[in-house]
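This report describes one protein structure, part by part. Please look at the sequence and the model before reading on.

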Amino acid sequence: MIEQKYVLRDDEIPRQWYNLAADLPTPMQPLKTPDGQLVTPEMMAAIFPMNLIEQDASQERWIDIPEPLLELLASWRPGPLKRAWRLEKALGTPAKIFYKDESTSPAGSHKPNSALAQAWYNKQFGTERLTTETGAGQWGSALCFSCAQVGLECKVFMVRISFDQKPYRKILMETWGGTCIPSPSNETEAGRRFLEQYPDTPGSLGMAISEAVEAAVSDKSGKTKYSLGSVLNHVLLHQTIIGQEAKKQLALAGIKKPDIVIGCAGGGSNFAGLSFPFVCDKIHGDEITIIPVEPQSCPSLTKAPFAYDFGDTSGMTPLLPMHTLGHNFVAPPLHAGGLRYHGMAPLVSQAVVEGLLEPQSIPQLECYAAAVQWARTEGTICAPETSHAIAATIREANKAKEEGKEKVILFGYSGHGLLDLSGYEAYFSGRLEDYEIPEEEFRKSLYSSLEGLPDAEAKKSGKW
Ligand SMILES: Cc1ncc(COP(=O)(O)O)c(C=O)c1O
């Protein structure tokens, strides 16, 4: 019988997070203010608790996970590593396809790995309430679940288009005791401004972030903090248990190292979580192709420049050194809502600049075709975001077949799509289309967003 699942015991859960910042050959550039000053921890303290700010700036390679947090994470971790042998058979590929299944978490994706950590650290700090944004609804659900676990209130600004496409996500959030409102909303100044400027906007993660940050800082008691679901170093850090578990589990399968590691990338957290422990091995000499996958219609890594830009639309966050389509960019209303973000995590962006990663962008029809092939072979219904990783995996497995090579492919199954069926319905009814940003729109967004901001230098060691 083919072995299909590689499972670790509860006490084999990783006890530390891995911090790529300690190993990057060319360090990530610092966060800045629009006038070019360095951002200090005190400036960040209005929105984040100091314990997470310290983690964000840490250059330590390993950071201990506190025992009480480990106990909470162990309710679903370690997660399984699985072999997709039925897909292998259907493709007739000599490649071995393994995937790390993050859909088994309470909220159905990788997002609780950081949500629980952020809620826990906020609770220790004395925070009473968290605000956040959500694109696909996965992050908002994860944070509401996590706040319920540690005893915090939670308010979620959900990107309008996803709010309309996925009504059940709101009910999940409410069931866990949170509040969910569509963004842009009338509840914040930023939201009212967006609605006035763009009355029919589908919303964007950048707009929702502006609203959530404003909602946190406008509570003058200091007891409301903001929580971000991706992009920042500490969020990526919390996700690295995924890749560490995967390494142990590949060893159980008799695999020394994968040839190819693939993850979909919106803000970069699940991709980083799976891949950074392998990026570390690559830095130290292993030959591994590591592929972040993004939508063709929102191609920050494959098309956009590396620049200093705001993380949100109204310019409330510090400037991040990242690949960015410009904070004014509003992606078309594709169903992979979690991949509709204008920027990419600075650590992922720096690894791309360094040449350690080989990003791909894939059109959404190919992604849905991959998701359907997956469902009809492996049986599970994936999130639209995850379908990007599956589509790239199928491309690589087909390439291995053409080359007659028995490659080992590892990909991140970042979430299930059981609350994303409207996207599948749109695909089956032929209403989905591929979309490439017109060059003029791309240039306009970049120019209007980046004009006057400090330049970011794309520094690299030249080793890759
Ligand atoms: C299932 C799933 N995968 C991937 C992503 C992309 O986010 P990130 O790049 O932070 O992993 C999301 C975001 O909402 C998601 O819900």
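## The open sheet

Seen in this predicted model, 7 strands make up an open sheet, in the order β1-β4-β5-β15-β10-β11-β14, with mixed pairing. Helices (H or I, at least four residues) and strands (E, at least two) are DSSP runs, numbered from the N terminus, and two strands pair if DSSP finds at least two bridges between them. The edges are taken by β1 (5-6) and β14 (360-362); each has a single partner strand, so one side of each has no neighbour in the sheet. Strands β10 (residues 260-264) and β11 (residues 289-295) are joined by 5 bridges in the parallel sense. Across this pairing, Cys264 stands opposite Val293 in β11.

Two helices pack on the sheet. Helix α13 (residues 269-283) touches β5, β10, β11 and β15 (408-413), and its direction makes about 155° with that of β11. Helix α17 (residues 386-403) touches β5, β10, β11, β14 and β15, and its direction makes about 170° with that of β15. Contact means heavy atoms within 4.5 Å. Axes are lines fitted to C-alpha atoms, for helices over the stretch in contact, and angles run from 0 to 180 degrees between N-to-C directions.

## How the model is read

Residues are numbered from 1 along each chain as its sequence is written, and side-chain values use heavy atoms, with hydrogens and water left out. Because the model is predicted, local features need pLDDT of at least 70 and side-chain atom pairs count only at pLDDT 80 or more, while totals for chains, interfaces and linings use all residues.

## Aromatic pairs

There are 15 aromatic pairs in the structure. Rings of Phe, Tyr and Trp (its six-membered ring) pair if their centres lie within 6.5 Å; planes under 30 degrees apart count as stacked, over 60 as edge-to-face and the rest as tilted. Tyr18 is in strand β2 (residues 16-18) and Trp62 in strand β3 (residues 62-64), so the pair ties together parts 44 residues apart in sequence. Tyr18 is buried at 2% relative accessibility, whereas Trp62, at 39%, is partly exposed. Buried means under 20% relative accessible area, exposed over 50%, and partly exposed in between (1.4 Å probe, protein chains only).

Tyr99 and Trp374 form an edge-to-face pair, with ring centres 4.9 Å apart and planes at 80°. This pair links distant parts of the chain, as Tyr99 is in strand β5 (residues 96-101) and Trp374 in helix α16 (residues 364-377), 275 residues apart. Both residues are buried, Tyr99 at 5% relative accessibility and Trp374 at 0%. Together with Phe411 and Tyr413, they form one aromatic cluster.

## Charges over rings

The charged end of Lys247 sits over the ring of Phe278, 5.6 Å from its centre. Likewise, the charged end of Lys303 sits over the ring of Phe442, 4.6 Å from its centre. A charge sits over a ring if NZ of Lys or CZ of Arg is within 6 Å of the ring centre and within 35 degrees of the ring normal.

## Strand β13 and His323

All 5 of the 5 residues of strand β13 (residues 319-323) are buried, so the strand is largely enclosed by the rest of the structure. Leu319, Pro321 and His323 lie on one side, with Leu320 and Met322 on the other, and both faces are covered. Strand β12 (residues 306-310) runs antiparallel to β13 and is joined to it by 5 bridges. In this pairing, Tyr308 stands opposite Pro321.

His323 has a relative accessible area of 9%. Leaving aside neighbours within four places in sequence, His323 is in contact with residues including Ser300, Phe306, His342, Met344 and Val353. The C-alpha atoms of His323 and Gln350 are 8.7 Å apart, although 27 residues separate them along the chain.

## Backbone exceptions in loops

Most residues other than glycine have a negative phi, and most peptide bonds are trans. A cis peptide bond joins Arg77 and Pro78, with omega about -10°; Pro78 is in the loop between α3 (67-73) and β4 (81-83). Another cis bond joins Ser183 and Pro184, with omega about 5°, and Pro184 lies in the loop between β8 (179-183) and α9 (189-197).

Val231 is not a glycine, yet its phi is positive, about 70°. Val231 lies in the loop between β9 (224-226) and α11 (233-239) and is buried, with a relative accessible area of 3%.
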